[in-house]
Amino acid sequence: FASIISVVDLNFLIYFSMISIVYTYYYFQKTQKTELEKTQLSQQLTNAKMNVLKYQLHPHFLFNTLNSISSLIESDYKLAQDTIANFGDLLRDLLDLKDTNLIPLEEEMNISKRYLDIMALRFSDHLNIVLNIDKTICDTLVPSLILLPVIENSIKHGYSYEKTNLEIELFISKEKNRVKIQIKNNGAPLKKSLKYGHGLQNTIDRLKLLYKNNYKYTL
């Protein structure tokens with residue numbers, strides 16, 4: 001009887017061990033699959049949010065640019081033609097971006113320069129643009145269209161009855177392992193009760209989605 005019991009115990013132990021190994025294996029596989037699905041869903045959600053933010057930004061920016069062009073048609077027909085040509089090049093650049101979240105700094109700057117060229121034609125001698133870009137970081141990836149809303153705001157809110165000659169300064173440099181982008185104008189000081197508009201809020205939201213808390217934004 002003792003021999004039978006010992007054999008049964010041994011077989012039961014082997015059986016239980018095998019069952020445990022099999023269940024552990026399938027549980028591990030299922031857990032891995034679940035985590036992978038969670039990661040993919042999270043990435044898809046992030047991409048969807050990024051696309052919504054970008055597509056919200058495009059009409060806002062394009063509408064303001066079209067307004068600038070329309071104001072030129074009666075006053076300076078030739079200048080309006082040149083501006084429309086630049087605008088066409090800018091539209092092509094925007095369409096080529098598709099759903100890309102990060103692009104090289106050089107590509108981002110090319111898009112921004114097209115917009116600045118349009119604004120320079122629009123405001124003629126009343127707008128001076130200073131660019132100071134560290135060429136060693138031209139290949140660094142930055143969020144696509146991250147400069148346009150800030151540049152646009154610096155021009156839009158820089159002009160006033162008291163300040164008809166505006167200067168926009170754009171500095172981009174590398175500080176340790178970070179890229180520092182600074183946009184300044186010589187317009188009137190900001191009011192204390194400042195409310196973020198659509199463009200600036202989108203900029204902050206995109207930085208938060210892309211870099212979590214690993215970024216710094218000041219105004």
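A crossing of two helices is left-handed if the near helix is turned anticlockwise from the far one by less than a right angle, and right-handed if clockwise. The model discussed here is predicted.

Q: In which crossing, left-handed or right-handed, does α4 pass α5?
A: The axes of α4 and α5 come within 9 Å and cross at roughly 150°. Angles over 145 degrees count as roughly antiparallel, and that makes α4 roughly antiparallel to α5. The crossing in which α4 passes α5 is left-handed.

Q: How many charged residues are in the contact of α4 with α5?
A: On the α4 side the contact has P149, V150 and N153, which meet G199, L200 and T203 in α5. By class these are three nonpolar and three polar residues, and the number of charged residues is none.

Q: What separation do the C-alpha atoms of V150 and L200 have?
A: V150 is part of helix α4. Leaving aside neighbours within four places in sequence, V150 is in contact with I183, L200 and T203. V150 and L200 are 50 residues apart along the chain, and their C-alpha atoms are separated by 6.5 Å.

Q: Are α3 and α4 roughly parallel or roughly antiparallel to each other?
A: Two packed helices are described by the angle between their axes and the distance between the axes. For α3 and α4 the distance is 10 Å and the angle is about 20°. Angles under 35 degrees count as roughly parallel. α3 and α4 are therefore roughly parallel.

Q: Which residues in α4 meet α3?
A: α3 passes α4 in a right-handed crossing. From α3 the contact takes E108, I111, S112, Y115, L116, M119 and F123. Its residues, by class, are eight nonpolar, one polar and two charged. The residues that α4 brings to this contact are L148, I151, E152 and I155.

Q: Are α2 and α3 roughly parallel or roughly antiparallel to each other?
A: Helix α2 covers residues 77-97, and its axis is 9 Å from that of α3. The packing angle is about 160°. Angles over 145 degrees count as roughly antiparallel. α2 and α3 are therefore roughly antiparallel.

Q: How many charged residues does the contact of α2 with α3 have?
A: α2 passes α3 in a left-handed crossing. Among the α2 residues in this contact are D82, D89, R92 and D93, and the α3 residues include E107, R114 and D117. By class, the contact has nine nonpolar and two polar residues, and its charged residues number seven.

Q: What is the volume of the largest pocket?
A: The lining of the largest pocket has 45 residues, and V150, I181, I183, Y217 and T218 lie nearest its centre. By class the lining divides into 19 nonpolar, 16 polar and ten charged residues. The volume of the largest pocket is about 1700 Å³.

Q: Which element gives the most to the lining of the largest pocket?
A: At least two lining residues are supplied by each of α1 (2-73), β3 (141-143), α4 (148-156), β4 (166-175), β5 (178-185) and α5 (198-211). Eight residues come from the element that gives the most, β5.

Q: How much space lies in the second largest pocket?
A: The second largest pocket is lined by 13 residues, and those nearest its centre are N64, S68, M119, F123 and K156. Five of the lining residues are nonpolar, five are polar and three are charged. The space in this pocket is about 210 Å³.

Q: From which element does the largest share of the lining of the second largest pocket come?
A: The second largest pocket has N64, S68, M119, F123 and K156 nearest its centre. Two or more lining residues come from each of α1, α3 (105-123) and α4. The largest share, five residues, comes from α1.

Note on methods:
Residues are numbered from 1 along each chain as its sequence is written. This is a predicted model: local features need pLDDT of at least 70, side-chain atom pairs count only at pLDDT 80 or more; totals for chains, interfaces and linings use all residues. Side-chain values use heavy atoms; hydrogens and water are left out. On a 1 Å grid over the protein atoms alone, a cavity is a set of points where a 1.4 Å probe fits but cannot get out, and a pocket is an open set with protein on both sides within 12 Å along at least five of seven lines; lining residues have an atom within 4 Å of a point. Grid points are joined across faces, edges and corners, and a volume is the space filled by probe spheres set on the points. Helices (H or I, at least four residues) and strands (E, at least two) are DSSP runs, numbered from the N terminus. Ala, Val, Leu, Ile, Met, Phe, Trp, Tyr, Cys and Pro count as nonpolar, Asp, Glu, Lys and Arg as charged, and the others, Gly among them, as polar. Axes are lines fitted to C-alpha atoms, for helices over the stretch in contact, and angles run from 0 to 180 degrees between N-to-C directions. Angles under 35 degrees count as roughly parallel, over 145 as roughly antiparallel, 65 to 115 as roughly perpendicular and the rest as oblique. Contact means heavy atoms within 4.5 Å.
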